[in-house]
Amino acid sequence: WEGDDFDNLLLGLLESCEDDDPGVVAVALTVIVTILKKFSRRFHDYVHIELLALSLLETLRDPKHPLQPALRLVEQALDLISNTGIPENIFAIFVTRVDTEVSCGSSARPSQRGIIMIRISLKCLASLMLRMEKLQLAEYIDRITPPLLKCLNHANVMVRQSVIQCFVAMHAVAGPTYMEHLSSLKDSQRRLIKIYVEKTAKARQNSTRFQNKKTN
């Protein structure tokens, strides 16, 4: 697919994701996942990737759609986007989404769909950070840190667990210097992040030793 043919196909699929029939939505999402698997290079263009990512997230927001199977398919698609797309073309999309959702859902009882959107966006951010160079990530740290810090105080435990993985990814790429951006946290929160960082580092070391033994 080239040029207008691809654009028309993508727009048609995204329109189908807004259909009132959950079956039509599921088929459209399935096709999108298949295209991402086989033609991921077509989504390296910023306009295409931004449009797709935002539309996929909005599919989950629409209350007329049941969460399944849409949630499973959207997660698959966004996972493919965050693991194959150009990080600098995608990063800001998920940072903005997390910031917006946390600000809108700051009540003691945030909505289930809001929680899901935050969790998925955090997962994508962690994947993207692990694919970035240290200097590249440094350009975004000041922008991403405030919404991540808000997530640490979120009422939902799954959101808090997801944001910890973002800090672990940040540490893996940026090193210990990232802790300078966490000065506003409570001591208990900094210790929790440190525990997960050390736990992840140890797991990676063990995995490397295991692979080395298999090779030898």
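The views below show a predicted model, in which local features need pLDDT of at least 70 and side-chain atom pairs count only at pLDDT 80 or more, while totals for chains, interfaces and linings use all residues. Residues are numbered from 1 along each chain as its sequence is written, and side-chain values use heavy atoms, with hydrogens and water left out.

**View 1. Helices α6 and α8.** The axes of α6 (residues 112-130) and α8 (residues 157-174) come within 9 Å and cross at roughly 10 degrees; the two helices are therefore roughly parallel to each other. Helices are DSSP runs (H or I, at least four residues) numbered from the N terminus, and axes are lines fitted to C-alpha atoms over the stretch in contact, with angles from 0 to 180 degrees between N-to-C directions. Residues that meet (heavy atoms within 4.5 Å) include Ile115, Leu122 and Met129 in α6, and Val159, Cys166 and Val173 in α8.

**View 2. Tyr140 in helix α7.** Tyr140 lies in α7, residues 134-152. Tyr140 is buried, with a relative accessible area of 17%, because buried means under 20%, exposed over 50% and partly exposed in between (1.4 Å probe, protein chains only). Leaving aside neighbours within four places in sequence, Tyr140 is in contact with Glu88, Phe91 and Met132. Tyr140 and Phe91 are 49 residues apart in sequence, and 8.6 Å apart in space, C-alpha to C-alpha.

**View 3. Tyr196 in helix α9.** Tyr196 is placed in α9, residues 187-215. With a relative accessible area of 31%, Tyr196 is partly exposed.

Key:
Parallel < 35°, antiparallel > 145°, perpendicular 65-115°, else oblique.
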